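Reader: I have a model open and a few things to ask. Let us go through it briskly.

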Amino acid sequence: MAKVYLLLAILGAVLPYGALLPWLFDNGLNLQLLWQAITANNISVLAWLDVVIAAVALICFIVTDSNKHQVRGAAFAIIATLTVGVACGLPLYLYLKEKNREVQIKA
């Protein structure tokens, strides 16, 4: 299952950035225009609020679960969540947790 989680983490980084990079090439790092796009309509706001709440919940989960199960490298999943998104951070954490479990079984 670890390979599936790793593949999903990679896709969770590549696909969203595949949509963002063309916008950045066209508009540069224009934060005002980005904010206008994010808040363009109620559906955009709904999607962003959903993602932000999911990211906060995921970070809380990673912190508590990684302490409970002593998952090494959990900070990378938090960084991925904050810099890439939930679509990368969640499968990355699940990958790290699975790899940690495999190491504990072998020991």
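Author: A nonpolar surface patch of about 810 Å² is formed by Met1, Val4, Leu6, Leu7, Leu8, Ile10, Leu11, Val14 and Leu15. Patch residues have over 30% relative accessible area and no salt bridge (a Lys or Arg side-chain nitrogen within 4 Å of an Asp or Glu carboxyl oxygen); nonpolar side chains are joined within 5 Å. Areas use the Shrake-Rupley method with a 1.4 Å probe. This is a predicted model, where local features need pLDDT of at least 70, side-chain atom pairs count only at pLDDT 80 or more, and totals for chains, interfaces and linings use all residues. Residues are numbered from 1 along each chain, and side-chain values use heavy atoms, without hydrogens and water.

Reader: Is valine 14 buried or exposed?

Author: Valine 14 lies in helix α1, residues 2–27. Helices are DSSP runs (H or I, at least four residues). Buried means under 20% relative accessible area and exposed over 50%, with partly exposed in between. At 52%, valine 14 counts as exposed.

Reader: What covers the buried residues of α1?

Author: The buried residues are Ala2, Tyr5, Ala9, Gly12 and Ala13. Their cover includes α5 (86–106).

Reader: Which residues does aspartate 65 contact, leaving aside neighbours within four places in sequence?

Author: Aspartate 65 is in helix α3 and is buried, at 9%. Contact means heavy atoms within 4.5 Å. Its partners are Gln70, Tyr93 and Lys97.

Terms used
Patch = residues over 30% accessible without salt bridge, like charges linked within 9 Å, V, L, I, M, F, W, Y side chains within 5 Å. Helix = DSSP H or I, 4+ residues; strand = E, 2+ residues; numbered from the N terminus. Buried < 20%, exposed > 50% of the residue type's maximum accessible area, 1.4 Å probe, protein only.
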